[in-house]
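Please look over the model shown here before reading on. The report below describes its chains, their contact and a few local features.

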Amino acid sequence: MKRHLLPNEIDLLLDAEVGFGVTPLKAHVRTCDECRTSLEEARTVVTALEHLPHLAPSPLFANRLMSQVQVFVPWHVAALDSARRYVPRSQPVRYLVGALAASMALVMTSLSLWLVTRADMLVFFADLVASRTREFLVGAAGNVLAGTFGEPALRVLRDSGLPGITLALAVVLTATVTVALGMRALVGVASRRRS
Amino acid sequence: MTKVLDLTNLPDADVVALAQQGREHAFRELIRRYERPVFSLIFRMVRDRETAEDLAQEAFIKVLNHIDRYRPEFKFSSWLFKIANNVSIDFLRKRQLPTISIDGSPMAASAAEVEATSFDVAVRAESALEEMESRELGSAIEKAIATLRPEYRSCIMLRHVEGRSYEEIAATLDLPLGTVKTYIHRARHELREALEHLRE
């Protein structure tokens, strides 16, 4: 190389880049005093820059800063932390609790599986309970009706079927509402007279 | 109670992950790691200790209060330096500060304030003469940095004080790689010229 190094070529050497193009530059620097001086001057600046110290802020900087930082705990982390509070500290107790929980889970799983395999039995028992409950409720309602209106009224109601029952219910409901409204009107009149 | 981990040997990404879980000691660890580099970068940009602390605080608050937005594919330090550089540039744009010397802030009203705003340059001196020369060079280079354009200043600081690669600087400052190389080249050239008197 017959010419002197260009500024960007000095930069290449400063950045210690390697490669095909750098070798002739290095060779030139070895033979050219002027370029060697330029490179050394540039290196002095870079070395001085690299030795610049990190400056420290005031000792209270971190605390002052932390007072303005919003530390936000996500819900799943908070939930995990809460759960961890209930985990026993000592290892033997932790093993014991773990074993208990595992056996409970095993029993519950086995029970669930057994129930699933016996689905027909479950349906049978559910039907039985439902029919017994229905019979009990119908019997109780019949006793109340027979006690209030007498046995003939109950017989008429049974004979008339669903339309009769609906009509009776409507009559009872209307009578109840009428009585309630009448009572309310009476209470209102009485209070107005008193005042 | 959660056991406090020793975070000093953890990489930044892991510490940030802990901070994202709301662990206060992780926030403190990030501050401990970066308070000096960030403060140094900002101080060398604005040249006033109090302002530099305020801006460093602003940069940290912006980053730490939005730690949930951090994307692990980028370096945490690059993100932090980017914010620090932005707050410094914004400040310099708002207030055209005069260039000052390492010997203290021009805003200092008393001798005590001058002393408080000046800073020492650490040196590795083998002898008294070398220490003096090195100290002189350190002071001179601080002064010379102060005369650079802010864009050159942040590039040269990230390159040679923080040891970042050209690519990292380009990503941090949102500049094209070629621009970063040009800025650093010009900054070196200007610094070399500014320090010429020391060679004579």
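Predicted model: local features only at pLDDT ≥ 70, side-chain atom pairs only at ≥ 80, totals over all residues.

Residues are numbered from 1 along each chain as its sequence is written, and chains are lettered from A and ligands numbered from 1 in the order in which they are written.

**The two chains**

Helices (H or I, at least four residues) and strands (E, at least two) are DSSP runs, numbered from the N terminus. Two residues are in contact if their C-beta atoms, placed from the backbone, lie within 7 Å. A residue is buried if 20 or more other C-beta atoms lie within 10 Å of its own, exposed if 12 or fewer, and partly exposed in between.

Chain A has 8 helices and 0 strands. Of its 195 residues, 6% are buried. When contacts in chain A between residues at least 6 apart in sequence are taken, 33% of them join residues at least 24 apart.

Chain B comes to 10 helices and 0 strands. Buried residues make up 36% of the 200 residues in chain B. Among its contacts with a separation of 6 or more, 58% are between residues 24 or more positions apart.

**Where the chains meet**

On the side of chain B, 38 residues are in contact with 32 residues of chain A. Two or more residues each come from helix H2 (24-46), helix H3 (49-64), helix H6 (128-147), H7 and helix H9 (177-194) of chain B. H2(B) gives the most, with 11 residues. This side of chain B divides into 18 nonpolar, 10 polar and 10 charged residues. Here Ala, Val, Leu, Ile, Met, Phe, Trp, Tyr, Cys and Pro count as nonpolar, Asp, Glu, Lys and Arg as charged, and the others, Gly among them, as polar.

**Helix packing**

Axes are lines fitted to C-alpha atoms, for helices over the stretch in contact, and angles run from 0 to 180 degrees between N-to-C directions. Angles under 35 degrees count as roughly parallel, over 145 as roughly antiparallel, 65 to 115 as roughly perpendicular and the rest as oblique.

| Helices | Axes | Angle |
|---|---|---|
| H3(A) (residues 33-50) and H7(B) (residues 150-161) | within 8 Å | roughly 80° |
| H3(B) and H4(B) (residues 76-94) | 9 Å apart | about 135° |

H3(A) and H7(B), one from each chain, are therefore roughly perpendicular to each other. Val46(A), Leu49(A) and Glu50(A) of H3(A) meet Ile156(B), His160(B) and Val161(B) of H7(B) in this contact. By class, these are 4 nonpolar, 1 polar and 1 charged residues.

Within chain B, the angle makes H3(B) oblique to H4(B). The residues in this contact include Leu55(B) and Ala59(B) of H3(B), and Leu80(B) and Ile83(B) of H4(B). The contact of H3(B) with H4(B) has 10 nonpolar, 2 polar and 2 charged residues.

**Two loop residues with positive phi**

Which residue lies in the loop between H2 and H3 of chain B? Arg47(B) is found there, and its phi is near 65°, a positive value in a residue other than glycine. Arg47(B) is buried, because 24 other C-beta atoms lie within 10 Å.

Asp174(B) lies in the loop between helix H8 (166-173) and H9 of chain B. Although not a glycine, Asp174(B) has a positive phi of about 55°. Asp174(B) is exposed, with 9 other C-beta atoms within 10 Å.
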